[in-house]
Amino acid sequence: MGRLGIVVAGLAALVLLAVGMWNAGPVPDAQSDEDNLQRITFATDWKAQAEHGGFYQALAKGYYAKRGLEVQILPGGPGVNVPQLIAGGAVDFGMGSNSFIPLRIVEAELPVTAVMAVFQKDPQVLITHPRDDVTSLEDLKGKPIMISDATISAFWPWLRAKYGYTDDQIRKYTYNLAPFLVDETAVQQGYVTSEPYAIAKQLGTEPQVFLLADNGYPGYATMVLAPNSWIEESPDIVQAFVDGTIEGWYDYLHGDPAPADTLILQDNPEISQDVLTQARDKMIAFGLATSGDARRLGIGAMTEQRWGMFYDTMAEAGVYTDDLDWRAAFTTDFVNHGPVVPEGAGLKPR
């Protein structure tokens with residue numbers, strides 16, 4: 001998956017484009033002719049996939065519509081930069097791939113804010129072939145690792161600070177699995193829901209997978225970004241979108257995912273049902289959306305403590321300046337209402 005590389009790398013151009021285009025802005029009172037619903041466009045960060053399942057479930061099951069919204073999901077891809085689309089007024093809301101995105105937006109002084117975080121765990125992993133000399137992230141110190149250019153200024157500084165990795169370990173990762181498949185000593189980055197499955201299918205054996213989040217990496221992922229104008233002028237619409245999204249994610253993970261999967265397959269004919277199924281299974285198994293603060297605050301949870309931990313960690317690693325107004329990156333006004341699905345219970349949407 002190229003989401004981290006594409007979105008973060010594109011933010012250098014974000015300032016120039018957004019400053020000139022922001023005045024176009026969203027139009028909070030635009031209404032659909034059908035049933036007088038509020039029309040909303042939502043841009044994802046990549047082609048339709050299981051990692052977007054809750055949004056598609058909310059659309060397919062009418063969780064947006066029952067809250068007065070007519071939502072159109074616009075899939076991303078290699079050339080799409082979601083923050084640019086929001087800042088330019090081309091879409092109403094959009095997806096932020098990881099915690100770096102809202103903080104980069106603050107650096108660029110753009111009026112866009114994260115209003116929920118679907119994934120409490122960033123899905124980023126390091127992957128190796130089965131090997132006796134590597135059983136943890138610590139064991140990868142000094143070994144060549146294939147990472148993208150964007151990762152060098154993203155989670156790589158965290159790996160340097162925590163495990164003593166050095167830049168001479170870096171090898172170029174171009175989102176092509178071939179170099180990994182032919183080299184039993186290779187190590188590469190990936191998403192826990194994606195590359196490990198593709199590798200296993202081609203190798204016929206399961207690779208070793210190390211989820212950074214389970215080793216202390218503090219970032220959120222799959223966030224909803226909203227323009228400040230909507231937050232200030234139409235908070236009820238933002239809340240409706242967040243609530244519909246929360247219900248969609250609970251249903252996708254706890255109920256029958258078929259309605260969402262049908263729409264995903266329509267939007268992305270290149271993906272297959274087995275890929276969707278295994279990705280959903282991984283999201284559940286690793287608790288990507290339902291672990292951490294989501295256990296007590298509900299899906300979409302964000303806290304100032306967690307954001308502060310991420311900022312402090314990355315600032316100490318040299319990614320951010322000490323004076324960045326990191327609190328401007330997010331608002332908790334629309335989330336943290338409490339768990340909707342008690343552990344072991346059936347679906348009980350708020």
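**Strands, a buried lysine and a helix crossing**

Strand 3 (residues 93-98) and strand 10 (residues 221-227) run antiparallel and are joined by four bridges. This is a predicted model, where local features need pLDDT of at least 70 and side-chain atom pairs count only at pLDDT 80 or more, while totals for chains, interfaces and linings use all residues. Residues are numbered from 1 along each chain as its sequence is written, and side-chain values use heavy atoms, with hydrogens and water left out. As for the naming, helices (H or I, at least four residues) and strands (E, at least two) are DSSP runs numbered from the N terminus, and two strands pair if DSSP finds at least two bridges between them.

**The five-stranded sheet**

- Glycine 96 has methionine 223 in strand 10 as its bridge partner.
- Zoom out and you get an open sheet of five strands, ordered 2-1-3-10-4, with mixed pairing.
- Strand 2 (69-74) and strand 4 (112-119) sit at the edges with a single partner strand each, so one side of each has no neighbour in the sheet.
- From one strand to the next, the twist averages 30 degrees.
- Helix 4 (residues 100-107) packs on this sheet and touches strand 3, strand 4 and strand 10; contact here means heavy atoms within 4.5 Å.
- The direction of helix 4 makes about 110 degrees with that of strand 3 (axes are lines fitted to C-alpha atoms, for helices over the stretch in contact, and angles run from 0 to 180 degrees between N-to-C directions).

**Lysine 121, tucked into a loop**

- Look for lysine 121 in the loop between strand 4 and strand 5 (124-128).
- Lysine 121 counts as buried because its relative accessibility is 15% (buried is under 20% relative accessible area, exposed over 50%, partly exposed in between, with a 1.4 Å probe and protein chains only).
- Its side chain reaches the backbone oxygen of phenylalanine 286 at 2.8 Å.
- Leaving out residues up to four places away in sequence, lysine 121 touches several residues, including Leu211, Asp214, Ala221, Phe286 and Ser291.

- Strand 5 runs antiparallel to strand 8 (residues 187-191), with five bridges joining them.
- Within that pairing, valine 125 has glycine 190 as its bridge partner, and glutamine 124 stands opposite tyrosine 191.
- Strand 5 also pairs with strand 9 (residues 208-211), in the antiparallel sense, over four bridges; there, isoleucine 127 faces valine 209.
- Strand 8 is covered on both faces: Val187, Gln189 and Tyr191 on one side and Gln188 and Gly190 on the other are all buried.

**Helix 9 against helix 11**

- Helix 9 (residues 235-254) and helix 11 (residues 273-286) have axes that come within 10 Å and cross at roughly 105 degrees.
- That makes helix 9 roughly perpendicular to helix 11 (angles under 35 degrees count as roughly parallel, over 145 as roughly antiparallel, 65 to 115 as roughly perpendicular and the rest as oblique).
- At the contact, Trp249, Tyr252, Leu253 and His254 of helix 9 meet Arg280, Met283 and Ile284 of helix 11.

Note on methods:
Polar contact = N/O pair within 3.5 Å; in protein donor to acceptor, adjacent residues only side chain to side chain.
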